[in-house]
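Subject: Structure handover

Hello,

Here is the structure I promised. Please open it before you read on. My notes follow below.

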Amino acid sequence: MRVLIAEDERMLADSIAEGLRAEALAVDIAYDGESALERLGVHDYDVLILDRDLPGVHGDDVCRAVVDSGALVRILMLTAAADIRSRVAGLSLGADDYLPKPFAFEELLARVHALGRRARPADPPMLERAGVRLDRAHRQVYREGRYVPLARKEFGVLAELLRADGAVVSSEDLLEKVWDEHIDPFTNTVRTTMMKLRRKLGDPPVIETVPGVGYRIP
């Protein structure tokens, strides 16, 4: 899942991002409305965490622009105003959910996951193919019953390959879904991560390289 945080309180934005990245989510940050719109125009996000009181382009205007564009991104609106009228106003703009400040990170995380499931077809709790089983809820992977400890990005790459159900996934798609905007598109990160993932999964190999196209688990 890829998330954009649009929040001008930098410490709060950075704290949320750190927590979400610890959950193996790809996270970008915009500290004002204009930057948020720029990123939304470039990347396909699953969830937008949107502070309503952004400087420059107001959060309400960002929300309207997203809704008018027809983008599939789900919007979780944040605001210091917790009264019913403010909540109704935020939802009437097209936000999918509303969370008043201050909030518990655990609740924000649960809401992000819930919105992410609505942003694209829901995955089953277990993804399984070619003897590899990925438990999304407990963040565990097994190969023929053997537990395979994976780093966050390795887990994310494997999840995307299993989710593709035998179809080829390009390096570009993996970069878009598993990494954030700071990754160099010309980097060897995907190849390096794939090498580590293959080594940990062991023999016989289950991940196939399709030259010039990408990777798949046939």
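Helix axes here are lines fitted to C-alpha atoms over the stretch in contact, and angles run from 0 to 180 degrees between N-to-C directions. Bear in mind that this is a predicted model.

Start with the helix pair. Two packed helices are described by the angle between their axes and the distance between the axes. Helix H6 covers residues 152-163, and helix H7 covers residues 171-178. They pack at an angle of about 125 degrees, with axes 10 Å apart. That makes H6 oblique to H7, since angles from 65 to 115 degrees count as roughly perpendicular and those over 145 as roughly antiparallel. The crossing of H6 and H7 is right-handed.

Which residues make the contact? H6 supplies Lys-153, Gly-156, Val-157 and Glu-160. H7 supplies Leu-174, Lys-177 and Val-178. By type, the residues of this contact are 3 nonpolar, 1 polar and 3 charged.

Now H6 itself. Its 12 residues should span 16 Å at 1.5 Å a residue. The end C-alpha atoms of H6 are 16 Å apart, which agrees.

Is H6 enclosed or open? Of its 12 residues, 9 are buried, so H6 is largely enclosed by the rest of the structure. Among the buried residues are Phe-155, Leu-158, Leu-161 and Leu-162. Glu-154 and Glu-160 are buried too.

The buried residues of H6 pack against several elements. These are strands S6 (126-129), S7 (132-135), S8 (140-143) and S11 (214-216), along with H7 and helix H8 (189-201).

One last point. Asp-165 follows H6, and its phi is positive, near 55 degrees.

Best wishes

How values were computed:
Residues are numbered from 1 along each chain as its sequence is written. This is a predicted model: local features need pLDDT of at least 70, side-chain atom pairs count only at pLDDT 80 or more; totals for chains, interfaces and linings use all residues. Side-chain values use heavy atoms; hydrogens and water are left out. Helices (H or I, at least four residues) and strands (E, at least two) are DSSP runs, numbered from the N terminus. Angles under 35 degrees count as roughly parallel, over 145 as roughly antiparallel, 65 to 115 as roughly perpendicular and the rest as oblique. A crossing is left-handed if the near helix is turned anticlockwise from the far one by less than a right angle, and right-handed if clockwise. Contact means heavy atoms within 4.5 Å. Ala, Val, Leu, Ile, Met, Phe, Trp, Tyr, Cys and Pro count as nonpolar, Asp, Glu, Lys and Arg as charged, and the others, Gly among them, as polar. The expected span of a helix is 1.5 Å times one less than its number of residues. Buried means under 20% relative accessible area, exposed over 50%, partly exposed in between (1.4 Å probe, protein chains only).
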